[in-house]
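I opened my notebook to look up a few things in this structure. Come along and check each entry against the picture.

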Amino acid sequence: MPDRDTNSSMNSHDDTYKCSLGSDDFILVEEVVSGRKTSTVEAVQGICLCMKQKLSKTVAMKNVRRRVPILKWLPCYTIEDGLGDIMSGVTVGLTVIPQSMAYAGLAGLPPQYGLYGSFLGAFIYTFVGSCKDVPMGPTAIVSLMTYSTLHGYGPEYATLLCFLTGVIQLAMGVCGLGIIIDFVSGPVSSGFTSAVALLIIASQIKDLIGVHGTGSSLWEMMCSLYKDINTISYGDTVIGVGCIVFLLVLRVIAEVRIGPTDPEQQSCVQKYTNKSFWLIGSIRNSIIVISCTIMSYMFISAQDEKNELPYKIIGTIPAGLPEFRLPQFTMQRNNETIGFFEIMSTMKSNVVVLPLIGLLENISICKAFANGKTVDATQELLAIGLCNIGNSFVQSFPGSGSFSRSAVNNASGVRTPLGGLYTSILVIVALLFLTPYFYYIPKTCLAAVIITAVVFMVEVRVVKPIYRSKKSDLIPGMFTFFACLFLPLEIGVLFGIGLNLTSILYHAARPKISIQEYKTRAGLKYLMLTPDRCLVFPSADYVRNLVTKHSLKRDMPVVIDCSHVYGADFTAAKVIEMLTKDFSDRGQALFFYNLKPSVVDVFRGVKPKELVFYYNKKELDRLLQKSTEQRYTMLQPLLQTK
């Protein structure tokens, strides 16, 4: 182990030369590993023991409670919890009904499919979800990803996509791959979210003004809208713009507060007034949709059937609950049977990207409302995976947690995930009894609901803090933003993540190396090089070149301080072997300080010619004295000849 006195004594020496090279952006972690080797029999026994322990932990009641969170909070459930959950569940239900129908249109599907995805998944999440504020259902981001995946194919493809999304998320959860989300940085996530928000707004303009628009990228949408601008419907435009204005006003009303800031100092009238303002603003989507539906019904009833409506309506929505059945794994298209793998090929990389986006959205919500608690990404993967699998049996498309509905849920005073049960009941009631009235809802009204929901997802406010904190982090964020705008969404987000990983790998390949000259008490000079992180294949040659370069400049013994080298691989070991051979061939001493036993084992695996390491100052003095004497002995014959 390192001798602390060694470092302090080294720093006390006269310093004649100092410099630093490479990146300094990594956090260093040290570990202590026993150097004893194990036999094959011991290794097999260890694996068997590990599997036995893993199995016992899996079936242990503690682990069951962890994976089925309802077993934790249900025994402690109170009447107050029930009242809070009912209030929040009904409020979220009034929000999710119009939103889900709007998001179904965003996904390129009939409105009823949004309702189909808003009850069973929310019910399942009640049992396996770890965050009380997450209401499962269709979301803006996942709906747009669904639209770009389906390529105009029917609801059967969307249902199969929902099943595949759930299976992939569930498999990732079983394998403990929730860590994948850690590779998506904040700037990349903000760039993706902002780009998607703009794409959603652009995609809804066609319904807002009543034109026929197509396209999946911003450029395609704008070109399509430009071509159809002459067919604009003034009836749709007036209704849509009016809905947007009223929704924004109601959003402001939700934040209005009268009386003192402290609720304890408010009178009963002030409290009820503030609560009413908040409730009106929270269910603004339902208020607007109900109002437009009533006005549309009255207008259509007063019109002659032969007259064409000046605005587009949703039309007939099938009444009742959807049929509970397996998704179709083969499709019929143009009197031709399309196999499962051919369907997968049409969906391309979105089959993998969409589950990750759903997880990213869900984890972001959990972190936002965690109040300092840890978020189990693996549990959330299991939960949303099961929810999507369940939704696929009721003919839904993929879903996740929604930011806007989570905010409403939290502000409504939700106490447990059981609030999702009451939301599910409200959606079921709507499917059973209210679908005949949905016929009259203007399409432009649902477009207004989407636009006002996503316009605040454009994260302009994060640019300034990122710029102040670390300007280079803006590069992957801005790159992701523009890539998602002008390229297919899945390609854009993969490019952003790839750029982020490239940045990480670059820093791993270029460690910071401190270079200092020291003198021992005996007056012997030596050069100390200190890498600040582990030696692995991207950085091995870089470190070797620097060591060689500076050792040739100064004809003196070289010490490599390995205090921060907590790991190494085969490539690094081969480089160290070549390095020790080079030093040995030219008669220059090379020593390794504070080399950890695990790293020593890796280096010794390639049998280097001369690997010398030490752990305290006295050893270094002895080694330097010995190397100086050996070198003097080697040079003595040459000096006598001269």
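I started with Leu 434, which I found in helix α19, residues 419–438. I kept in mind that this is a predicted model. Is Leu 434 buried or exposed, or in between? I looked up its relative accessible area, which is 36%, so Leu 434 is partly exposed.

Next, I turned to charged pairs. How many salt bridges does a search of the whole structure find? I noted nine.

One of them joins Arg 67 and Asp 376, with 3.2 Å between the closest N and O atoms. I traced the two ends: Arg 67 sits in helix α3 (residues 61–67), while Asp 376 is in the loop between α16 (350–368) and α17 (377–392). They are 309 residues apart, so I wrote down that this pair links distant parts of the chain. Arg 67 is partly exposed at 23% relative accessibility, and Asp 376 is partly exposed at 23%.

I also looked up Arg 415 and Asp 81, whose side chains meet in a salt bridge of 3.2 Å, N to O. Arg 415 lies in the loop between α18 (403–411) and α19, and Asp 81 in helix α5 (residues 79–106), so this pair ties together parts 334 residues apart in sequence. I marked Arg 415 as partly exposed at 42%, whereas Asp 81 is buried at 11%.

Key:
Residues numbered from 1 in each chain as written. Predicted model: local features only at pLDDT ≥ 70, side-chain atom pairs only at ≥ 80, totals over all residues. Heavy atoms only, no water. Helix = DSSP H or I, 4+ residues; strand = E, 2+ residues; numbered from the N terminus. Buried < 20%, exposed > 50% of the residue type's maximum accessible area, 1.4 Å probe, protein only. Salt bridge = Lys/Arg side-chain N within 4 Å of Asp/Glu carboxyl O.
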